[in-house]
Amino acid sequence: MARRFKLRPLPNDIDDTKESLKMIDRREFMRLSFNTAAGLITMASIGSVGFASLLMGQPEADGGDTAVRFWVPSGAEDTAWFGDRHLEPMSYSAFQTAAANTKTGMIGAQGVWSGLPVNVVYVPHEENKDSPLVPNKPRFQYLEGYDLGGKYVGSGREVEDDSTYSTLSIHDNMIIIFSRCPHLCCIPGWQLVTNNYTGDNWASGGTDSGGDKLFCICHSSRFDPTAIEKNSMGRGVPFDFIGVRRTGGPAPNGMPLIPFVVNGDIIEALPDFKDWYAYCG
Ligand code: FES
């Protein structure tokens, strides 16, 4: 029988009885992942669809064509985080409100932007950045990155120090991550399942310790959304990117960041580094 996973409820709805947690297995997850979001994620995987055309966005009446939208697996509306907001434009205030209900002050959500799967993660960086580096006081950390051969690539601090990456500089206690696993291109999720890696707790250092990881249920790769590093990847010709660190599992490296602005209260992504998001198709 296929291994099954629990969908996690929003923190203010948490009821730890098993009956309250929707169960899905890997096959269901893949079906849900690729058949929802109006088929947009499927499109992102089809090589015959021009990548540039995906990034042109879909004109909409609300949120503009650069808005990042919540994405909820079909059938998980009552159990997934932000489950009642499928395809609504993401608002900054929604994250601030939900973050107030977690122990760490971190919150995240699955999303879709211009046909691409994303994860948006809120971290109380400004509140914690000057406090001692202790458990459950999360903040963004800039780490050194090394390629698979052990060669030094650079530091995540370049988002602050190198004008090349200025649109990626950390702001608004938030990051957006392109959510295709560098292993075999599944879609890692924020708190989609319950295990030791997704618990509401945090440890420093960009390792597997602590929870609040992005987790890929296909083969259990983990990514720390607070560990910002520069790294290198790519089939054929490798390219350097700024992203979040892989902390465990078969994925060879982390996943790239997507720059964004908060326009009024709406989170809008920017296509500055679109070449980074083509490694899966
Ligand atoms: S596709 Fe993510 S771990 Fe294999």
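Val-120 touches Val-68, Met-90, Gly-108, Ala-109, Gly-111, Met-174, Ile-176 and Ile-267, leaving aside residues up to four places away in sequence; touching, or contact, takes C-beta atoms, placed from the backbone, within 7 Å. This is a predicted model: local features need pLDDT of at least 70, side-chain atom pairs count only at pLDDT 80 or more, and totals for chains, interfaces and linings use all residues. Numbering runs from 1 along each chain as its sequence is written.

**Core**
- The largest nonpolar core has 60 residues, and Val-120 is among those with the most contacts inside it, along with Val-68, Val-118, Val-121, Ile-176 and Ile-177.
- Such a core is a set of buried Ala, Val, Leu, Ile, Met, Phe, Trp, Tyr and Cys residues joined through C-beta atoms within 7 Å, where buried calls for 20 or more other C-beta atoms within 10 Å.

**Hairpin**
- Strands β14 (260–263) and β15 (266–269) pair in the antiparallel sense over 4 bridges; pairing takes at least two DSSP bridges, and a strand is a DSSP E run of at least two residues, numbered from the N terminus.
- Phe-260 has Ala-269 of β15 as its bridge partner.
- The turn has 2 residues between the strands, and Gly-264 there has a positive phi of about 70 degrees.

**Loop**
- Asn-196 sits in the loop between β9 (189–190) and β10 (214–216).
- Asn-196 counts as exposed (12 or fewer neighbours) because it has 12 C-beta neighbours inside 10 Å.
- Its C-alpha is 9.0 Å from that of Asp-212, 16 residues apart along the chain.

**Confidence**
- pLDDT, the predictor's per-residue confidence from 0 to 100, averages 82, with 77% of residues scoring at least 70.
- Residues 1–62 fall below 50, and this stretch has 88 contacts in the model beyond near neighbours in sequence.

Conventions:
Two residues are in contact if their C-beta atoms, placed from the backbone, lie within 7 Å.
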